[in-house]
Amino acid sequence: MLRAEFQSLVDKAAAIDSRATGDGVLDSIRQLYGFSHVAYLGINIPGQKLPGFYFHNTYSDAWRRHYLLRNFILIDPVVRQSCLRLMPQDWARLKQTHPEARTVFHEALDYGLHDQGISIPVRGVHGEIAVFSATSDVPRRQWLQLTKVCTGELQTIAAFLHQSVLKQCRIDIGDDGRALSKPELECLRWAAEGKSAWDTSVIIKVSERTVKFHLANARYKLHCVTTTQAVAKAITLGLIAWP
Amino acid sequence: MIRLIQGSERRKFPAEIEAMHRLRAAVFHERMAWPVTVLDGWERDGFDELNPLYVLVTTRDGTVRGSARLLPTTGPNMLADVFRDLLPEGKEVRSPTIWESSRFSVLHDPHEHQVCQISPITGELLGGIVEVGIRAGLEFVVTVMDVAVERVLRRAGCPCDRIGSPRRIGRGLAVAGLFEMTDELLSSIRRASGLDGSNVYPGDAERLGLAA
């Protein structure tokens, strides 16, 4: 996806403040990547009513009702394996290795859903787990190519969605800049002066790779998707001075 | 051969897991004299309970000769919780596209004559980590490593940047460093260690949900 589109998308994910805006963002994700559906599932969000599940997806009400009625959360391999694994899960593999869970996939087809998908496990600082899934009906080869290219972006989207859910659940995600380090602030300061990562690397005498690394951390900690936003937020929070 | 095993599966792979913990004891306790806990010959710590992804290198007869442990930096990890003083003051590494590699252990065969810049086991283990990183869509992997390992990698043209100052740990100096997950790094590692290509055990790829 084009960098600008991706940034705008994650920006929206970071700004979710209600289920309504969240629905809009999920739909944007779906459209921009050409997915048929996307779904976020929080597994053990602190403070949520037991068992701590938080569903937010583009599925139909009919499927959601059916899923709950059939208690699929207990046998859905997507949920189980995402709790148990770190790597992104390919649904084709899940069906292969969990034949007993085929029921879920079969019945999903009855509701017009597709059984080709990818799930990204999310791990949080409070030990919470979530999973972000995307499904598609494009030909397999195209799907493999798409997922190969966009897994990193999906990791970022998943994490920002998760952070927004925590925020909505009134859980502190620490995006007030308290976790920023001196090198990160320094890189943000030079970015505020209009310096590129390369310029900054020359000035502070580290590799360009290291500057990018510091900025990647700074962006995530400030819950921002672009360096420009992170700079603006850092200034607003009083962490760096106006250039 | 690269084996991938999740912490949650340790009971399914008792031989590999045992060999890994013993290898870690040999490297971190006996060789490097790091302040680690060894019980009944196993080196094990709290991060093993967080369901990490273990990357192992096994030889043809199944012997575990190398191992490392991966954790996402969005959750608890060693750099955040144990090695804080190896990072610049107040620095915390946290990003959905950065994982941490820890307990990197390699047991060299003293009879093996090394012709490449990086030993095949080290190269295979590093290559395995980078391959996992690329598949997971990561930008970087961070790690605490011995400066001797850092030197070997630099000389072999495998770029690795320091993100902190070296500190004495045990018998040597350790430093926090970062690797960018690129195809170029993977090629460099394979070239420098004389490896052909991916060698992930197909059963693990299938079981862990990696796309075919």
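B:Glu150 and B:Arg162 form a salt bridge, with their closest N and O atoms 2.7 Å apart. A salt bridge here is a side-chain nitrogen of Lys or Arg within 4 Å of a carboxyl oxygen of Asp or Glu. B:Glu150 lies in helix 4 (residues 147-155) and B:Arg162 in strand 8 (residues 161-162) of chain B, so the pair ties together parts 12 residues apart in sequence. Helices (H or I, at least four residues) and strands (E, at least two) are DSSP runs, numbered from the N terminus. B:Glu150 counts as buried because its relative accessibility is 2%, whereas B:Arg162 is partly exposed at 35%. Buried means under 20% relative accessible area, exposed over 50%, and partly exposed in between (1.4 Å probe, protein chains only).

The model is predicted: local features need pLDDT of at least 70, side-chain atom pairs count only at pLDDT 80 or more, and totals for chains, interfaces and linings use all residues. Residues are numbered from 1 along each chain as its sequence is written, chains are lettered from A and ligands numbered from 1 in the order in which they are written, and side-chain values use heavy atoms, leaving out hydrogens and water.

Over all chains, the count comes to 25 salt bridges. One of them joins the side chains of B:Glu9 and B:Arg207 (2.4 Å, N to O). These partners stand 198 residues apart: B:Glu9 in the loop between strand 1 (2-6) and helix 1 (14-31), B:Arg207 in helix 6 (residues 202-207) of chain B. Both B:Glu9 and B:Arg207 are buried. B:Glu49 also forms a salt bridge with B:Arg44, at 3.4 Å between the closest N and O atoms. B:Glu49 is exposed at 52% relative accessibility.
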